[in-house]
Amino acid sequence: MKTMRGNPRNVLAVNLGGLGDVILSSSLMKAVRKTYPSARTTLLTVPRSSAWAEYLGVADEIITMESSFSAQNAVAAAMTLISLRSRRFDAAVNLRSIAST
C-alpha cells in the first residue's frame, strides 16, 4: 500500500462498483484503518453495496450515491458531492480502480 502523506485524520474511499468490488477492496480499507487508527474513514459507495460494506466494517461512515448520473438522480448526486467537498478530506482513494487492476 502506498503510504499517505503525513497523518491523515479524515480519509475518503470511493468505490462506486458493485458488491464484488467492495469485497475485494475491504482488505485495503481495513489496512488503512489499521495504519491510521485515529483517522476517520468514510466510504462512498452505491446503495446495493452499502449493507455489505457495513457488515465488513470497512469504514466509520458509509455514504451512498447512485453511480449512473441520470437526470433523475443528478440533484441528489450533486448534493452528495457538495457535502463531501465540505468535509475537507485529508486523503482520498479510488478503490474501484485498485480492485479492477
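## A loop residue to start with

Leu 16 sits in the loop that links β1 and α1; helices (H or I, at least four residues) and strands (E, at least two) are DSSP runs, numbered from the N terminus. With a relative accessible area of 21%, Leu 16 is partly exposed. On this scale buried means under 20% relative accessible area and exposed means over 50%, with partly exposed in between, using a 1.4 Å probe and protein chains only.

Which residues does Leu 16 touch, leaving aside neighbours within four places in sequence? They are Leu 44, Thr 45, Val 46, Met 65, Ser 67 and Arg 96, where contact means heavy atoms within 4.5 Å. Leu 16 and Glu 66 are 50 residues apart along the chain, yet 7.8 Å separates their C-alpha atoms.

## What kind of model this is

You are looking at a predicted model, in which local features need pLDDT of at least 70 and side-chain atom pairs count only at pLDDT 80 or more, while totals for chains, interfaces and linings use all residues. Residues are numbered from 1 along each chain as its sequence is written, and side-chain values use heavy atoms, with hydrogens and water left out.

## The overall plan

The protein is built from four helices and four strands, and along the sequence they follow the pattern β-α-β-α-β-α-β-α. Of its 101 residues, 38% count as buried. Among contacts between residues at least 6 apart in sequence, 65% join residues at least 24 apart.

The exposed surface comes to about 6300 Å², and carbon and sulfur atoms supply 54% of it. Accessible areas come from the Shrake-Rupley method with a 1.4 Å probe; for residues, only the protein chains shown count as cover.

## The sheet

The four strands form an open sheet in the order β3-β2-β1-β4, with parallel pairing; two strands pair if DSSP finds at least two bridges between them. At the edges stand β3 (61-64) and β4 (91-94), each with a single partner strand, so one side of each has no neighbour in the sheet. On average, neighbouring strands are turned by 20° against each other, direction ignored. For angles, axes are lines fitted to C-alpha atoms, for helices over the stretch in contact, and values run from 0 to 180 degrees between N-to-C directions.

How many bridges join β2 to β3? There are four, and β2 (residues 40-45) runs parallel to β3. Leu 43 stands opposite Ile 62 in β3, and Thr 45 has Thr 64 of β3 as its bridge partner. From β2 the chain crosses through α2 to β3, and this β-α-β crossover is right-handed: with the strands pointing away from the viewer, the path from the first strand over the helix to the second runs clockwise.

## Helices against the sheet

Helix α1 (residues 19-35) lies across β1 and β2, running at about 170° to β1. Helix α3 (residues 74-86) also packs on the sheet, where it touches β1, β2 and β3, and its direction makes about 150° with that of β3.

Thr 80 gives a residue-level view of helix α3. Thr 80 is buried, with a relative accessible area of 16%. Beyond its neighbours within four places in sequence, Thr 80 is in contact with Leu 44, Ile 63, Thr 64 and Met 65.

## A buried asparagine

Asn 15 belongs to strand β1 (residues 10-15). Is Asn 15 buried or exposed? Asn 15 counts as buried because its relative accessibility is 0%. Not counting residues up to four places away in sequence, Asn 15 touches several residues, among them Asp 21, Ser 25, Leu 43, Thr 45 and Arg 96.

A pair of aromatic rings is described by the distance of the centres and the angle of the planes. Here, rings of Phe, Tyr and Trp (its six-membered ring) pair if their centres lie within 6.5 Å; planes under 30 degrees apart count as stacked, over 60 as edge-to-face and the rest as tilted. By this rule there is one aromatic pair. The rings of Trp 52 and Tyr 55 have centres 5.3 Å apart and planes at 85°, so the pair is edge-to-face.

Both residues lie in helix α2 (residues 47-56), three residues apart, or about one turn of the helix. Trp 52 is partly exposed at 39%, whereas Tyr 55 counts as exposed at 65%.

## A positive phi

Arg 88 lies in the loop between α3 and β4. Its phi is near 50°, a positive value in a residue other than glycine. At 68% relative accessibility, Arg 88 counts as exposed.
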